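Here's a quick tour of a predicted model. Have a look at the sequence and the fold before reading on.

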Amino acid sequence: ALEAAIINGTGKAQPIGMMRDLSSVTDGVYAEKEAVPMLEFSPTEFGKMMAKVGEVKVGDEILQRSVSPDQVLMAVNPNDYWLIVYPRITVLNADGVYVQTMPLPFKVIQSVSVTKGKLVVGLGADYFLGLGSTLKLEASDEYRFVEDERVYLAKQYGNGQPKSNEAYTVYDISSMSPTESKK
């Protein structure tokens with residue numbers, strides 16, 4: 001549940017997710033960010049991603065900060081990872097061995113909370129998450145005595161949101177068809 005909220009939480013009785021627009025809220029629900037079309041995995045596209053990740057808004061001005069690519073998170077739906085991302089980052093080398101290579105060493109995270117056809121990119125440090133209690137686990141044998149089951153209840157309170165609306169960018173990869181790696 002925490003992963004779902006951090007990635008795509010609506011903000012209503014839950015954290016605001018990375019895929020949400022902080023400038024658009026109705027009745028406590030934040031709208032989804034408009035996705036930027038992405039047609040290929042290329043050094044040019046990854047360079048554009050890095051430039052976007054490096055942007056930080058100070059007042060009305062957008063400044064550029066230095067960001068290391070190995071600090072960047074790319075969250076993608078597992079289905080899209082295996083059908084779209086994986087074939088594009090897996091190549092057959094001269095020794096006949098498949099190797100994975102990306103233009104930049106992003107940390108790729110598979111999450112069912114990412115909407116199919118989209119991926120989200122940003123720095124983990126650009127998300128604030130506060131937990132207000134320790135996880136408390138309770139068990140009850142009485143509640144489902146008839147079915148001979150034990151019921152567990154776990155509660156934890158927390159809240160979170162991106163540090164700025166520009167912290168995470170959502171990309172639309174739905175136009176990328178599943179493809180095989182280049183040999």
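An open sheet is built from 5 strands, running β3-β15-β10-β6-β9, with mixed pairing. At its edges sit β3 (36-37) and β9 (107-110), each of which pairs on one side only.

Further in, β6 and β10 are antiparallel partners, joined over 5 bridges. Across that pairing, M74 stands opposite V121 in β10. Helix α2 packs on the sheet and touches β6, β10 and β15 (168-172), its direction making about 50 degrees with that of β10.

## The cores

The largest nonpolar core counts 22 residues, and M49, F106, L119 and V121 have the most contacts inside it. At least two residues of this core come from each of α2 (43-53), β6 (72-76), α3 (78-89) and β10 (118-123). Apart from it there's another core, this one of 12 residues, including M19, V120, Y127 and Y168.

Leaving aside neighbours within four places in sequence, V121 is in contact with M49, V53, V72, L73, M74, F106, A167, Y168, T169 and Y171.

## A glutamate in α2

Now for E45, which is found in helix α2. Is E45 buried or exposed? Its relative accessible area is 16%, so E45 counts as buried, the cut-off being under 20%.

What is E45 in contact with, leaving aside its neighbours within four places in sequence? The answer is M38 and E40.

How values were computed
Residues are numbered from 1 along each chain as its sequence is written. This is a predicted model: local features need pLDDT of at least 70, side-chain atom pairs count only at pLDDT 80 or more; totals for chains, interfaces and linings use all residues. Side-chain values use heavy atoms; hydrogens and water are left out. A nonpolar core is a set of buried Ala, Val, Leu, Ile, Met, Phe, Trp, Tyr and Cys residues joined through side-chain atoms within 4.5 Å. Buried means under 20% relative accessible area, exposed over 50%, partly exposed in between (1.4 Å probe, protein chains only). Helices (H or I, at least four residues) and strands (E, at least two) are DSSP runs, numbered from the N terminus. Contact means heavy atoms within 4.5 Å. Two strands pair if DSSP finds at least two bridges between them. Axes are lines fitted to C-alpha atoms, for helices over the stretch in contact, and angles run from 0 to 180 degrees between N-to-C directions.
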